[in-house]
Amino acid sequence: MSADMSVGISIGTPAIRIFVDADACPVKEEVFRVATRCGLKVFLVSNAPLRVPRNPLFESVVVAKGQFDGADDWIVAQITASDIAVTADIPLAARCLEKGARALDAKGKVYSPDSIGDALASRELMSHLRAMGELGTGPAPFTAKDRSTFLQRLDDLIQALRRARR
C-alpha cells in the first residue's frame with residue numbers, strides 16, 4: 001500500500017489527508033497523534049521550517065518567505081473533497097470548503113458551507129472595528145477545553161469521511 005493510501009481504504013479511493021496551516025497552529029502535536037492512530041498523511045504547510053516527527057506520514061512543506069498567502073495557495077492547490085484543513089484563517093477555510101474539503105480551527109470550530117458566510121462577515125466586521133480602534137484585545141487564550149474540543153471534532157470529521165466512503 002502506498003504512503004498516500006489510508007489503512008482500510010480500497011485501492012482507487014483517495015486517502016484522507018490532513019493539511020495544517022502550521023505557522024501559528026497550537027494543535028500540531030494533537031494532529032500528529034490522531035494521524036498516527038488513523039494512518040493518515042499530514043502536510044504541515046508554513047513559511048518557515050518546522051520540526052516534524054520522523055514518520056513517513058508527516059511532511060513539512062515550506063513555501064517561499066514573504067509570499068503573501070503562499071501557504072494558503074499551496075493548500076488549496078492540493079486539497080480535495082477527501083481531505084481536512086486545520087486553519088484559523090477563515091478565508092482559507094472558505095477556499096477549502098469550495099473544493100469540497102472539510103475545515104476546522106484549532107479550537108474545534110468546524111466550518112461548513114452553511115456557516116462560512118457568517119464567519120467571513122464576522123471576521124470582516126471585527127477587522128473593521130479593530131481598524132477604528134474599537135477593539136484592542138486579541139482572541140481568547142487557548143485552553144485545555146479547546147484542545148479537547150479540537151481532538152473530538154477532528155475525530156468526528158475523520159469518521160464522517162470514512163463513513164461517506166463506504
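These exercises work through a predicted model of one protein chain.

**Exercise 1. Find the order of the elements in the protein chain.**

Step 1. Count the elements. The protein chain has five helices and six strands.

Step 2. Read from the N terminus on. The order is β-α-β-β-α-β-α-β-β-α-α.

**Exercise 2. Decide whether the residues of strand S1 are buried or exposed.**

Step 1. Locate the strand. S1 covers residues 17–21.

Step 2. Recall the rule for strands. In a regular strand the side chains alternate between the two faces of the sheet.

Step 3. Sort the residues by side. Arg17, Phe19 and Asp21 lie on one side of S1, and Ile18 and Val20 lie on the other.

Step 4. Check each side. Both faces are covered, and the residues named on them are all buried.

**Exercise 3. Work out which strands pair with S1.**

Step 1. Take strand S2, residues 41–46. Five bridges join S2 to S1, and the two run parallel. In this pairing, Arg17 stands opposite Lys41.

Step 2. The path leaves S1, passes through helix H1 (residues 28–38) and reaches S2. This β-α-β crossover is right-handed.

Step 3. Take strand S4, residues 84–86. Three bridges join S4 to S1, again in parallel. Here Ile18 stands opposite Ile84.

**Exercise 4. Explain why Lys41 counts as buried.**

Step 1. Lys41 is in strand S2.

Step 2. Compare its area with the cut-off. Buried means under 20% relative accessible area. Lys41 has 9%, so Lys41 is buried.

Step 3. Look for a side-chain partner. A polar contact of 3.3 Å joins the side chains of Lys41 and Glu59.

**Exercise 5. Describe the nonpolar cores.**

Step 1. Start with the largest core. It has 25 residues. Ile18, Val20, Val86 and Leu154 touch the most other members.

Step 2. Ask which elements contribute. S1, H1, S2, S4 and helix H5 (144–165) each supply at least two residues of this core.

Step 3. Trace Leu154. Leaving out residues up to four places away in sequence, Leu154 touches Ile18, Val31, Val34, Ile84 and Leu104.

Step 4. Turn to the second core. This separate core has 18 residues, including Phe43, Val76, Ile90 and Leu97.

**Exercise 6. Summarise the whole chain.**

Step 1. Note burial. Of the 166 residues, 40% count as buried.

Step 2. Note the surface. The protein chain exposes about 9,200 Å², and carbon and sulfur atoms supply 55% of that area.

Step 3. Note the contacts. Among those between residues at least 6 apart in sequence, 51% join residues at least 24 apart.

Technical notes
Residues numbered from 1 in each chain as written. Predicted model: local features only at pLDDT ≥ 70, side-chain atom pairs only at ≥ 80, totals over all residues. Heavy atoms only, no water. Buried < 20%, exposed > 50% of the residue type's maximum accessible area, 1.4 Å probe, protein only. Helix = DSSP H or I, 4+ residues; strand = E, 2+ residues; numbered from the N terminus. Pairing = 2+ DSSP bridges. Right-handed = clockwise from strand over helix to strand, strands pointing away. Contact = heavy atoms within 4.5 Å. Areas by Shrake-Rupley, 256 points an atom, 1.4 Å probe, with all protein chains shown as cover. Polar contact = N/O pair within 3.5 Å; in protein donor to acceptor, adjacent residues only side chain to side chain. Core = buried A, V, L, I, M, F, W, Y, C linked by side-chain atoms within 4.5 Å.
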